[in-house]
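Please study the sequence and the structure before reading each solution.

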Amino acid sequence: PACLDRAAATIDYTYVGPVELARPQALDPFDVVVFCGGSGSGQAKSLGEAGAANVKAFVQRGGGYVSSCAGTYLATSGYPWSLGLVDADTVDSKHWARGSGPVDIELTAEGRKILGDYRGLQSVRYANGPLLGKAKDSRGLEPFVVLAHFRSDMAKNAPGGAMPNTPAMIAGQFGAGRVLCFSPHPEYTEPLQGMIARAVTWAAKRPLAD
């Protein structure tokens, strides 16, 4: 919330819990839904079948979905409980508990266009976020666009070498809606917190500031 508070002139937000999300019209007043850290499977369990169906329907008819870490696990297509919003599976999911701490990322040209003109290596908070790759079953989804790559490794509790050069941030289309997923946590990385407001603005199909 703190990073969205800085954009209060253009973004209003509120908390909507799993009980509300189980109601069919719960998301009608909103442009974008945001799922943050925690546990992807835990989020799916809290949503339940009705909540998951409502979130998917919201995005499919034109709503936006922005996520970090656990919320990105939730958006992928690789688990029985995931929402299947992006054409991505997790890579090396056996070692999902890689560890936490700062890692280096580098934005692509499309990433700088959407998230801000961050050039060169950027240090960002990481906490067991998914390593992303193309889904084995695309489910008819369009390929995702890479917005940033990991350039360093986090292997405190896992074999090293799997993380560098995999996508750290991706964007995709689900039906008429836009999906933007962060594996790490720019919301907990003060120099990169502006990415969150830009991600929400992009997902809402509003003009981005230069």
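Rings of Phe, Tyr and Trp (its six-membered ring) pair if their centres lie within 6.5 Å; planes under 30 degrees apart count as stacked, over 60 as edge-to-face and the rest as tilted. The model is predicted: local features need pLDDT of at least 70, side-chain atom pairs count only at pLDDT 80 or more, and totals for chains, interfaces and linings use all residues. Residues are numbered from 1 along each chain as its sequence is written, and side-chain values use heavy atoms, without hydrogens and water.

**Exercise 1.** Determine which residues the ring pairs link into a cluster.

*Solution.* Step 2: Tyr79 and Trp81 are stacked, at 4.6 Å centre to centre and 10 degrees between the planes. Step 3: ring pairs join Tyr73, Tyr79 and Trp81 into a cluster.

**Exercise 2.** State the strand order of the open sheet and identify the strands at its edges.

*Solution.* Step 1: strands are DSSP runs (E, at least two residues), numbered from the N terminus, and two strands pair if DSSP finds at least two bridges between them. Step 2: the seven strands of the open sheet follow the order E1-E2-E9-E8-E7-E4-E5, with mixed pairing. Step 3: strand E1 (32-35) and strand E5 (121-127) each have a single partner strand, so one side of each lacks a neighbour in the sheet.

**Exercise 3.** Describe how strand E2 and strand E9 pair.

*Solution.* Step 1: strand E2 (residues 64-68) pairs with strand E9 (residues 177-182) in the parallel sense, over five bridges. Step 2: Tyr65 has Val179 in E9 as its bridge partner.

Key
Helix = DSSP H or I, 4+ residues; strand = E, 2+ residues; numbered from the N terminus.
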